[in-house]
Structures are given as structure tokens and as C-alpha cells.
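The following paragraphs lead through one protein structure, from its overall layout to single residues. Please keep the sequence and the coordinates in view while reading.

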Amino acid sequence: MRRPIAFSIALRGVLVGGAILSTGVAWTDDGVTLDDKGRLTAETVKKLKNPVVFDKASLDRGRILYLRECTECHGPDGRSQVDVIADATDLTEPKLWYSGTSDGEIFRSIRDGAGDAMPPYSDKIEKAEDMWHLVNYIRSLWPEPIRPKLQETETN
Ligand code: HEC
């Protein structure tokens with residue numbers, strides 16, 4: 001919880017997608033807006049900031065979540081080649097992605113789903129923090145030159 005404000009903005013965005021829609025009044029205050037299907041609007045996605053440092057602890061947490069939720073389609077290494085049940089994106093080749101490669105855009109792909117076959121995770125992954133750990137983990141699968149640099153120490 002290093003930057004609690006950013007957390008709470010993203011968290012509300014996550015919560016309103018689920019059963020807690022009735023608390024929907026508050027999130028507009030933070031500039032988080034949803035479309036009529038409860039998905040983050042493009043404007044909100046642009047504003048989203050990843051509050052979780054790209055460090056080993058985050059990647060460890062992201063990996064656990066990835067193995068639990070994502071391998072079934074994207075495969076254990078993210079390449080979507082072995083034992084996968086859908087024509088899922090190779091997560092190690094961001095050049096070929098359709099839905100955007102910024103932190104906010106990856107967050108949206110996970111939260112709201114992507115294309116026709118990637119399911120939304122707004123109900124299954126309840127904490128925005130966990131979704132950011134997943135965003136970090138996904139980026140750690142990228143080729144070395146475009147991968148974020150691992151932070152040794154926690155800043156801020
Ligand atoms: C039921 C199968 C399935 C599961 C489970 C699944 N995905 Fe996907 N995912 C897909 C498919 C299919 C696509 C391609 C969607 C499209 O653009 O047509 C995709 C696309 C994506 C994209 C967007 C890539 C782009 O083109 O921009 C990201 C990021 C992603 N998945 C991450 C994840 C993460 C993280 C998890 C686990 C939390 C996950 N996926 C779980 C099937 C799945």
C-alpha cells in the first residue's frame with residue numbers, strides 16, 4: 001500500500017464491475033468512469049497508473065495468480081502453445097497484441113476481458129492490487145529489451 005490513492009481509484013473501478021454496483025456514485029469522483037456494460041472507459045484507462053512497484057515480490061505474487069487463472073488458455077509460459085483451450089494471445093510478443101500494451105491497457109484486458117474469447121476477471125480477482133501484480137508479471141514475460149527493469153528496492 002505504497003500509494004493508497006491510486007489503489008483506491010482502481011479498486012473502486014474493480015468493485016463496481018461486480019456485485020457492489022450500488023456504490024457506483026463514489027467512483028465518478030475519482031474520474032473512474034464505466035460504460036453501460038460496466039467496463040472501464042477509454043478515458044479512464046488512459047489515466048490508470050500502476051501503483052505496484054515492478055519488484056520480485058510483485059512478480060512472485062503475479063506468478064501465483066497467473067498459474068491459477070491464466071495458464072489454461074495462455075499456457076504456463078504465456079506462449080499459448082501447449083494444452084490451451086482457446087486461440088489466446090502469445091503474451092510474450094506484445095508487438096502482436098490488439099488491445100494495448102500500456103499498464104492501464106493490460107489492466108483493462110484482464111479486468112474487462114479482451115476480444116471475444118478472453119473472459120473478464122473483475123469478479124474473480126477482487127483486489128486491484130492483485131490485478132496490478134498480474135500486469136507486472138505479464139510484462140516480465142516480454143523480450144528483455146522491452147521488459148521493465150526490475151526494482152531492487154522499494155521506493156516511495
Ligand atoms: C478462456 C481462455 C482465457 C483465459 C483463462 C485467459 N485468457 Fe487472456 N486471452 C484469451 C484470448 C482468446 C485472447 C485474445 C483476445 C482477442 O484479442 O481476440 C486473450 C488476450 C489477452 C490479453 C490481451 C492481448 C492483446 O492482444 O492485447 C491479455 C493481456 C491477456 N489475455 C492476459 C490474460 C491474463 C493475465 C489471464 C489470467 C488472469 C488471462 N489472459 C486468462 C483467452 C484467455
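How many nonpolar, polar and charged residues does the shell around the ligand have? The shell has 16 nonpolar, six polar and four charged residues, where Ala, Val, Leu, Ile, Met, Phe, Trp, Tyr, Cys and Pro count as nonpolar, Asp, Glu, Lys and Arg as charged, and the others, Gly among them, as polar. The model is a predicted one: local features need pLDDT of at least 70, side-chain atom pairs count only at pLDDT 80 or more, and totals for chains, interfaces and linings use all residues. Residues are numbered from 1 along each chain as its sequence is written.

In total, 26 residues surround the ligand, a residue being near a molecule or strand if its C-beta atom, placed from the backbone, lies within 6 Å of it. The closest of these residues are C70, C73, S99, G115 and M118. At least two residues of the shell come from each of α5 (71–74), α6 (103–112) and α7 (128–140).

The overall fold can be described next. The protein has seven helices and zero strands, and the order of its elements from the N terminus is α-α-α-α-α-α-α. Helices (H or I, at least four residues) and strands (E, at least two) are DSSP runs, numbered from the N terminus. Of the 156 residues in the protein, 31% are buried. A residue is buried if 20 or more other C-beta atoms lie within 10 Å of its own, exposed if 12 or fewer, and partly exposed in between, with C-beta atoms placed from the backbone. Among contacts with a separation of 6 or more, 57% join residues 24 or more positions apart; two residues are in contact if their C-beta atoms, placed from the backbone, lie within 7 Å.

The largest nonpolar core has 19 residues, a nonpolar core being a set of buried Ala, Val, Leu, Ile, Met, Phe, Trp, Tyr and Cys residues joined through C-beta atoms within 7 Å. Those with the most contacts inside this core are F107, I110, M131, W132, L134, V135 and I138. Both α6 and α7 supply at least two residues of the core, and α7 gives the most, with seven residues.

These two helices also pack against each other. The angle between α6 and α7 is about 115° and their axes are 9 Å apart; axes are lines fitted to C-alpha atoms, for helices over the stretch in contact, and angles run from 0 to 180 degrees between N-to-C directions. On the side of α6 the contact is made by D103, I106, F107, I110 and R111, and on the side of α7 by M131, W132, L134, V135 and I138. By class, this contact has eight nonpolar, no polar and two charged residues.

Helix α6 is mostly covered, as eight of its ten residues are buried. The buried residues are D103, I106, F107, R108, S109, I110, R111 and D112. Just after α6, G113 takes a positive phi of about 85°.

A positive phi occurs elsewhere as well. S80 has a positive phi of about 60° although it is not a glycine. Most residues other than glycine have a negative phi. S80 lies in the loop between α5 and α6, and S80 is buried because 20 other C-beta atoms lie within 10 Å.

Three further residues may be taken in turn. H133 belongs to helix α7 and is buried because 25 other C-beta atoms lie within 10 Å. Leaving aside neighbours within four places in sequence, H133 is in contact with V52, S58, R61, G62 and L65. H133 and P51 are 82 residues apart in sequence, with their C-alpha atoms 9.6 Å apart in space.

E72, in helix α5, has 14 C-beta neighbours inside 10 Å and therefore counts as partly exposed. From C-alpha to C-alpha, E72 and A88 are 9.8 Å apart in space, and in sequence they are 16 residues apart.

K46 is located in helix α3 (residues 42–47). K46 is exposed because 11 other C-beta atoms lie within 10 Å. The C-alpha atoms of K46 and D103 are separated by 9.3 Å, and these residues are 57 apart along the chain; D103 is also one of the α6 residues in the contact with α7.
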